[in-house]
Amino acid sequence: MSLLSAVPLSAAAWRMEPDRPMRQPPDRPRGLAPRADDFLFAPGVVYLQTGSLGPTPRPVMDRVIAAWRELEQNPVYYAYGPHEQAMEETRAKVAAFVGCGRDELLVTRSTTEGMNWVAQGLGLKAGDRVLTTDQEHPGGCVCWDYVARKHGVALDVVPIRPGEHDARAIVDRFASAITPRTRVMSFSHLLTSTGLRMPVALLCALARERGCLSVVDGAQAVGAIAVDVKALGCDVYVASGHKWLLAPAGTGLLYLSGAIGNAVDPIPLQAGRAVYSASSGVTNIPGVLAMATAVDYLNAIGIGAIERYNLALRQRVFTALQGVPRLRIVSSPDGPAASPMLSYVLPDAVKSEDLYERLSRRHHVVVKVVPSQWFNGHRISTHLFNTPEDVDALVNALRAELT
Ligand SMILES: Cc1ncc(COP(=O)(O)O)c(C=O)c1O
């Protein structure tokens, strides 16, 4: 597998064209947000890119600033006193949010960091095999490329064609790719390319049955849909705070099931699992404290309500885009494989980067360019702060640009 090239966000794309009136900031709450001023988007921006980086609602940002101010009053007192204790409370709160106990949960800086800790901490040797898919984000597969290069671990890759939604076929393909030397099955909960909701519980059961460790990259799932790591039956679950959880940038989580003991034993965990430890060092304290505020924010609305809302909006996108010429949806129709992300393919004549730029500059609609290794297209993320008007703005913008 190779590193997927990141698509740079062109600065020009952010310059709003003066001849187009920008929509006013909302005078009523956006979507499920409790207050009208909870989100600080520039006026008129239609943000459909939570899958890359989520916004932080005002209470979360306020908590960062307040914690930082406290820290400045007496850094060493707060960092190794009240803030250290509060970071452990964050850990407990995030753990409860994904359905495990505090001792099974680690606070990290990102999904990538969590995956790296896991891959390095497993002590894989030459001849061991890791089974993954061809739809993994670099944050979920660079770590396996590393152990392959450094330690002679072999990688086996299950292909998942964009447009495929057949859970049984995917599980069967995994089953036939497992060998006696397969130590790990590593796959995403929601695919970054198409949003496909993977049959995680079935894949984890398969891993258990065949004696492999299941490692789930949940970067796109936590905060977008309800996640219960125990119900999924995974050994390891890794996610970001700064996407759907709406926590500050530079936050993440790593669940290590108690049942696997010390099977994952990387350097940062040598002095224990506390957020601050002698082996992990000082972290982004205000960000970690505000991660708890983000969990409170989502809990106040309820993750069940959030998932239903996100899926309903995504379904609105699905239906509306069927009437737009020159694009083809490759995400699942409504059903068990659907998630709050949806992708479409464009014809070769329409470059996804160019259309991205036009959507952003002319219409203030922000989408994701799918890396070209997969297809020439875009991905749309619908989260609790998005509205039916956002969907209409996207559809109108696409119609204007494609017809
Ligand atoms: C499936 C998946 N894994 C990992 C990442 C990387 O996340 P982070 O920046 O938190 O490391 C992403 C980001 O888009 C992703 O979609």
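**Entry 1: α11 and α12**

I began with helix α11 (residues 352–363) and helix α12 (residues 388–402), whose axes come within 10 Å. I read a crossing angle of roughly 115° for the pair. The model I am working on is a predicted one. I noted the crossing of α11 and α12 as right-handed. From α11, the contact takes Leu355, Arg358, Leu359 and His363. From α12, it takes Ala393, Ala397 and Glu401. I sorted these contact residues by class: four are nonpolar, one is polar and two are charged.

**Entry 2: α1 and α9**

Next I looked up helix α1 (residues 58–73) against helix α9 (residues 285–301). They pack at an angle of about 150°, and their axes are 8 Å apart. Angles over 145 degrees count as roughly antiparallel, so α1 is roughly antiparallel to α9. I logged the way α1 passes α9 as a right-handed crossing. On the α1 side I listed Pro59, Val60, Arg63, Val64, Ala67, Trp68 and Leu71. On the α9 side I listed Ile285, Pro286, Gly287, Leu289, Ala290, Thr293, Ala294 and Tyr297.

**Entry 3: α3 and α9**

I stayed with α9 and turned to helix α3 (residues 82–98). The axes of α3 and α9 come within 9 Å and cross at roughly 40°. That angle makes α3 oblique to α9. I marked the crossing of α3 and α9 as left-handed. From α3, I found His83, Ala86, Met87, Glu89, Thr90, Lys93, Val94 and Phe97 in the contact. They meet Ile285, Val288, Leu289, Met291, Ala292 and Val295 of α9. I counted classes here too: 10 nonpolar, two polar and two charged residues.

I then checked the domain assignment of the chain. Domain 1 is 11–56 + 302–402, and domain 2 is 61–298. Their C-alpha centres lie 26 Å apart. I found 27 residues of domain 1 in contact with 25 residues of domain 2. Which elements give two or more residues to the side of domain 1 that touches domain 2? I found α10 (303–321) and β10 (341–345). Of the elements, α10 gives the most to that side, with five residues. By class, the side of domain 1 that touches domain 2 has 14 nonpolar, 11 polar and two charged residues.

**Entry 4: the ligand shell**

Last, I looked up what surrounds the ligand. I counted 14 residues around the ligand. The closest are Ser110, Thr112, His137, Gly139 and Ser240. Two elements are listed as giving two or more residues to the shell: α4 (111–121) and α5 (138–151). How do the shell residues divide by class, I asked myself: what is nonpolar, polar or charged? I got one nonpolar, 12 polar and one charged.

**Recap**

The shell around the ligand has 12 polar ones.

Key
Residues numbered from 1 in each chain as written. Predicted model: local features only at pLDDT ≥ 70, side-chain atom pairs only at ≥ 80, totals over all residues. Axes fitted to C-alpha atoms, helices over the stretch in contact; angles between N-to-C directions. Helix = DSSP H or I, 4+ residues; strand = E, 2+ residues; numbered from the N terminus. Parallel < 35°, antiparallel > 145°, perpendicular 65-115°, else oblique. Left-handed = near helix turned anticlockwise from the far one by under 90°. Contact = placed C-beta atoms within 7 Å. Near = placed C-beta within 6 Å. Nonpolar A, V, L, I, M, F, W, Y, C, P; charged D, E, K, R; others polar. Domains from an automatic or database assignment.
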